[in-house]
Amino acid sequence: MQERARTTRRSLLEAAAQLFAEQGYAGTSVNDISARSGRTSGAVYFHYASKEGIALAVVQHRFATWPQLTARYADAAVPPVQRLVALSYDIARALAEDPLTRAGARLWAERATIDAPLPDPFALWTAAATRLLAEARNAGDLAKHVRPGPTARTLVRAFFGLCSLTEALEGAATVTDRLTDWWQLTLPSLGAAPGIHPWDGAPAGE
């Protein structure tokens with residue numbers, strides 16, 4: 001029974017994420033989620049209580065937590081700025097391709113229409129960027145004027161704005177190209193060590 005419940009919750013979450021990403025929060029109904037998932041409306045209410053509840057679950061599941069990031073970017077053998085660049089490409093690809101992440105981004109943008117407090121999706125990104133920049137400064141790979149905390153906050157907000165605006169104007173397929181352009185401008189201002197290039201984190205062939 002527990003496994004069946006987990007399967008049902010997952011199918012409802014994925015169906016809701018697809019719809020929120022495609023249609024937005026206001027444009028998606030519980031009946032839509034029921035139809036897309038092949039489950040009853042009663043199942044939606046049983047597992048998530050409300051549309052607000054399933055929207056919150058979508059954000060919490062992927063966009064706001066990113067639990068895999070800490071371990072993935074802890075390899076001390078890789079220069080910290082290179083890890084930061086690679087992290088940005090991973091997140092950009094998720095924002096472009098992963099339904100749960102795309103839904104979380106759209107729900108965050110539409111948070112004023114949702115009658116539930118959504119968690120801050122940027123806290124973990126900012127903390128990870130701050131840690132990597134601090135490591136880079138300790139290694140002498142950053143300019144002396146660069147302060148990890150404020151710089152991480154600025155980079156995360158600029159990054160998310162870049163991804164959102166690029167998708168709106170050009171489509172999701174161009175996001176990694178524009179990210180490369182952005183890093184080419186940004187890395188010199190950080191005083192990054194020679195040999196760190198934005199294409200270090202880009203997908204093969206870009």
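The largest cavity has a volume of about 130 Å³. A cavity here is a set of points on a 1 Å grid over the protein atoms alone where a 1.4 Å probe fits but cannot get out. Points are joined across faces, edges and corners, and a volume is the space filled by probe spheres set on them. Searching the whole structure turns up two cavities of 30 Å³ or more.

Before I go on, the ground rules. This is a predicted model, in which local features need pLDDT of at least 70 and side-chain atom pairs count only at pLDDT 80 or more, while totals for chains, interfaces and linings use all residues. Residues are numbered from 1 along each chain as its sequence is written, and side-chain values use heavy atoms, with hydrogens and water left out.

Which residues line the largest cavity? They are Leu-84, Leu-87, Ser-88, Ile-91, Trp-125, Ala-129, Leu-155, Val-156, Phe-159, Trp-182 and Trp-183; lining means having an atom within 4 Å of a point. By class, 10 are nonpolar, one is polar and none is charged. Nonpolar covers Ala, Val, Leu, Ile, Met, Phe, Trp, Tyr, Cys and Pro; charged covers Asp, Glu, Lys and Arg; the others, Gly among them, are polar. At least two lining residues come from each of α6, α8 (123-138), α9 and α10 (175-190), and α6 gives the largest share, four residues. Helices are DSSP runs of H or I, at least four residues, numbered from the N terminus.

Now α6 and α9 themselves. Their axes lie 11 Å apart, at an angle of about 35°. Axes are lines fitted to C-alpha atoms over the stretch in contact, and angles run from 0 to 180 degrees between N-to-C directions. On the α6 side, Leu-84, Ser-88, Ile-91, Ala-92 and Leu-95 meet Leu-155, Phe-159, Phe-160, Cys-163 and Glu-167 of α9, where contact means heavy atoms within 4.5 Å. Eight of these residues are nonpolar, one is polar and one is charged.

The other pair is α1 (residues 2-23) and α3 (residues 41-48), whose axes come within 10 Å and cross at roughly 105°. That makes α1 roughly perpendicular to α3, a term used for angles of 65 to 115 degrees. Ala-5, Thr-8, Arg-9, Leu-12 and Leu-13 of α1 touch Ala-43, Val-44, His-47 and Tyr-48 of α3. This contact has six nonpolar residues, two polar and one charged.

Key: Angles under 35 degrees count as roughly parallel, over 145 as roughly antiparallel, 65 to 115 as roughly perpendicular and the rest as oblique. On a 1 Å grid over the protein atoms alone, a cavity is a set of points where a 1.4 Å probe fits but cannot get out, and a pocket is an open set with protein on both sides within 12 Å along at least five of seven lines; lining residues have an atom within 4 Å of a point.
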